[in-house]
Amino acid sequence: MRFLLVEDNISLATAVLDRLRMDGHVVDHAANIAAAEDYSATTDYDLILLDIMLPDGDGRSFLRSHRNRLIETPVIVLTARSEVSDRVGMLDLGADDYITKPFDFSELEARCRAVLRRHGGDSSNQRRFGNLVFDPLAGTLSVAGKTITLRNKELRLLEILLNGQDRIHSKPKLVDRLFSYDEEVSENAIEVYVGRLRKHLTGSGVEITTVRGLGYRISLV
Amino acid sequence: MSDPLPTSGSLRRRLTLQLVGSAAVLATLLFFVVLGFARDVAQQTHDSILLASATSIMDSVSVQADAVTVDLPYAALSMLGNVSDDRVFYSVSMRGQLLTGYDDLPISGQMLRSGQSAFDTLSYKGDGIRMVTLSRRLSLNGAPADILITVAQTREGQAAQLAQLSRSALQLGLGFFLVATILAFWTAQSSIRPLNQLTAAVSRRGPKDLRPVRRPVPSEMIPLVLSLNQFIARLRVSLTRSEDFIAEAAHRVRTPLATVRAQAEITLLRVEKPENRASLREMIRAIDESSRAAGQLLDHAMVTFRIDTLERKAIDLTELAKELVDRLQPIAELKDIDLRFTGSRCPTITGDAILVQNATRNILDNAIKYSPSDSAIQVSTRQTTSEIVIQVEDQAGGFGGMDTEVLTHRFTRGDNAVGTVGSGLGLTIAREVVEAHGGTLLIETNKSGTGACVSLCFPLA
């Protein structure tokens with residue numbers, strides 16, 4: 001996926017860029033409206049993440065001109081303002097969704113996924129491994145023509161594993177990615193989801209192996 | 001609503017009373033002036049007839065053969081009879097000697113010179129009389145002889161006439177007073193009308209309508225309207241400022257927190273040592289706690305602010321709840337929570353949509369936050385006889401017998417909230433919003449006892 005992040009706070013932008021790239025997305029960064037206009041005029045993005053308070057103006061004016069140019073690219077607004085005062089304006093101006101700062105990366109990821117799914121992600125999002133066809137947007141998994149819909153945590157776990165094929169993913173890091181920080185979960189919770197995924201992957205030629213004491217690894221058989 | 005203001009009387013009543021009072025004074029004055037004038041005119045008329053009568057008697061006095069003869073003309077007395085049925089007295093005397101007439105009729109004109117006349121009002125035989133005395137000097141046997149003629153008439157007719165006149169004057173005065181009173185009421189009413197119209201125009205306005213008053217008013221009211229407009233302008237500036245302040249404060253607090261949180265989360269993905277990871281997780285939780293608390297405090301400030309100037313527009317609660325469920329779906333999905341909405345089309349309620357949405361959102365946020373993975377949350381709207389209810393039912397274990405009333409107090413959190421990020425303002429905000437709309441917030445344990453069931457009940461419009 002190709003994202004455009006419009007955010008003037010460099011350290012926040014860096015963190016978001018790192019995280020999105022970690023998930024395998026291509027992300028461009030614009031620190032102001034002028035740069036954002038340039039980027040969006042020359043590149044076709046799947047999604048734009050837009051901050052509202054920018055040094056050279058209000059992100060909403062970018063949103064308005066973006067919509068006036070009839071560009072279909074969905075926009076998620078990043079706002080630090082009180083929801084009680086700002087909500088209506090942003091959705092009225094054509095934002096597809098908004099997320100309030102500070103945000104959880106998994107919430108951002110979930111909102112991006114929901115917006116992209118609403119915009120009808122095409123089959124180019126599908127990923128193939130052996131007999132396996134995985135559509136992360138639709139959250140479906142097809143093995144030998146049989147399609148099942150994954151639960152959210154299964155989907156996210158599979159996505160994480162597939163983004164780092166043949167790499168070892170430690171249990172604590174998987175817990176961090178799958179559960180929110182205020183949930184008290186033991187690392188054994190991961191085993192439940194790995195178990196479910198293994199069942200789904202039966203006969204796909206893709207296998208999750210346990211690396212004793214270290215974590216899990218996904219690889220083609 | 002607000003306490004009744006102390007009043008310093010009614011402008012209209014004061015104006016009416018003053019006008020009616022003036023009318024009463026004027027009517028009394030009118031009565032006396034008319035009466036006095038009529039009395040004078042009647043007196044003068046009577047006097048001139050008396051004088052004419054006396055003159056005609058005087059004309060009949062002649063000196064013949066050294067003797068004075070008086071040939072009393074009939075007309076002299078009959079002209080008085082024409083005026084009224086009052087008795088007439090007369091006397092003709094010369095050098096103090098009565099020639100003819102009533103000898104006891106008082107004579108008052110001893111000092112009169114020839115050709116002069118004098119009027120007098122006095123009592124005679126128990127009746128009030130008006131009399132005139134006329135004097136003329138004749139020459140008798142070469143010596144001057146002063147003839148005095150007195151003509152008098154009782155005043156009963158005149159009194160009757162005066163009574164008639166004063167009745168008319170009284171009627172005139174009363175009529176004047178009556179008409180003036182009606183006019184006073186009308187004047188007071190029409191003087192107050194621009195004030196009433198201005199009042200109606202101002203009170204018709206919605207709570208968010210802070211435009212200056214532009215309608216034409218009488219020039220005396222312009223200072224009042226100008227001050228009112230200045231006041232409105234000041235209010236608008238101050239409202240905008242506090243709204244901006246809250247928004248700005250939210251921005252200032254949340255932006256750095258967002259940066260720290262994002263950095264911490266990225267770092268967490270890179271470090272391996274369990275102690276470092278544990279402290280980073282602690283950090284993220286602390287950030288979440290402070291940002292949520294700050295957010296809810298600011299939301300609470302904004303909610304309180306909006307409640308003060310409660311907007312009243314039609315809200316479709318079913319639509320609102322459905323939108324909210326759609327919006328929170330991605331968050332619920334993260335925990336594989338089955339968040340569902342069921343509800344039929346309900347009549348609209350009136351209120352502030354942003355507030356109602358924020359209240360419902362707080363309840364839903366709580367439900368999602370406290371629900372375990374793979375549970376379900378059911379959101380529904382329904383209409384009862386007098387209310388429209390948004391209900392949020394979860395399987396998060398409920399409030400464990402805690403006093404549900406206490407939960408809606410500021411900064412109180414349920415027993416199950418231990419270990420979960422929150423500030424305890426969510427339920428307070430929800431309750432304040434619902435109550436500002438005349439409704440109630442019900443917190444119950446659901447039927448199976450597995451969770452909470454929170455109902456936001458809004459009265460039907």
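Predicted model: local features only at pLDDT ≥ 70, side-chain atom pairs only at ≥ 80, totals over all residues.
Figure 1. Helix 2 runs over residues 33–42, and its buried residues are A:I33, A:A36 and A:S40. Those three sit on the same side of helix 2 of chain A because they cover an arc of only 55 degrees around the axis. As for what the buried residues pack against, look for strand 1 (2–6), strand 2 (26–30), strand 3 (47–51), strand 4 (53–54), strand 5 (57–58) and helix 3 (59–68) of chain A.

**Figure 2. Helix 8 of chain A and its cover.** Helix 8 of chain A takes in residues 188–200, 13 residues in total. From first C-alpha to last it reaches 19 Å, close to the 18 Å expected at 1.5 Å a residue. Buried here are A:I190, A:V194 and A:L197. They share a side of helix 8 of chain A because their arc around the axis is only 60 degrees.

Figure 3. Some background first: most residues other than glycine have a negative phi, and most peptide bonds are trans. Now the exceptions. The peptide bond from A:K101 to A:P102 is cis, with omega near -10 degrees. You'll find A:P102 in the loop between strand 7 (97–100) and helix 5 of chain A. A:D166 isn't a glycine, yet its phi is positive, about 65 degrees.

**Figure 4. Helix 5 against helix 9 in chain B.** How do these two helices of chain B run relative to each other, roughly parallel or roughly perpendicular? The axes of helix 5 (residues 274–308) and helix 9 (residues 426–436) of chain B come within 10 Å and cross at roughly 10 degrees. Angles under 35 degrees count as roughly parallel, and helix 5 and helix 9 of chain B are therefore roughly parallel to each other. Helix 5 of chain B makes the contact with B:Q296, B:D299, B:H300, B:V303 and B:I307. Helix 9 of chain B answers with B:G426, B:I429, B:E432, B:V433 and B:A436. Sorted by class, this contact of helix 5 with helix 9 of chain B has five nonpolar, three polar and two charged residues.

**Figure 5. B:F458 and its surroundings.** B:F458 is part of strand 14 (residues 452–459) of chain B. It's buried because 23 C-beta neighbours lie inside 10 Å, and the cut-off is 20 or more. Leaving out residues up to four places away in sequence, B:F458 touches B:L317, B:I349, B:E387, B:I388, B:V434, B:H437 and B:G439. Take B:V434: B:F458 and B:V434 are 24 residues apart in sequence, but 6.8 Å apart in space, C-alpha to C-alpha.

**Figure 6. Where chain A meets chain B.** The contact takes 34 residues from chain A and 39 residues from chain B. On the chain A side, the elements giving two or more residues are helix 1 (10–22), helix 4 (83–92), helix 5 (105–118), helix 6 and helix 7. By class, the chain A side that touches chain B splits into 14 nonpolar, six polar and 14 charged residues. For orientation, chain A has eight helices and 13 strands, with 38% of its 221 residues buried. Chain B has nine helices and 14 strands, and buried residues make up 30% of its 461 residues.

Terms used. Residues numbered from 1 in each chain as written. Chains lettered and ligands numbered in written order. Helix = DSSP H or I, 4+ residues; strand = E, 2+ residues; numbered from the N terminus. Buried ≥ 20, exposed ≤ 12 C-beta atoms within 10 Å, placed from the backbone. Expected span 1.5 Å × (residues − 1). Arc of directions from axis to C-beta. Axes fitted to C-alpha atoms, helices over the stretch in contact; angles between N-to-C directions. Parallel < 35°, antiparallel > 145°, perpendicular 65-115°, else oblique. Contact = placed C-beta atoms within 7 Å. Nonpolar A, V, L, I, M, F, W, Y, C, P; charged D, E, K, R; others polar.
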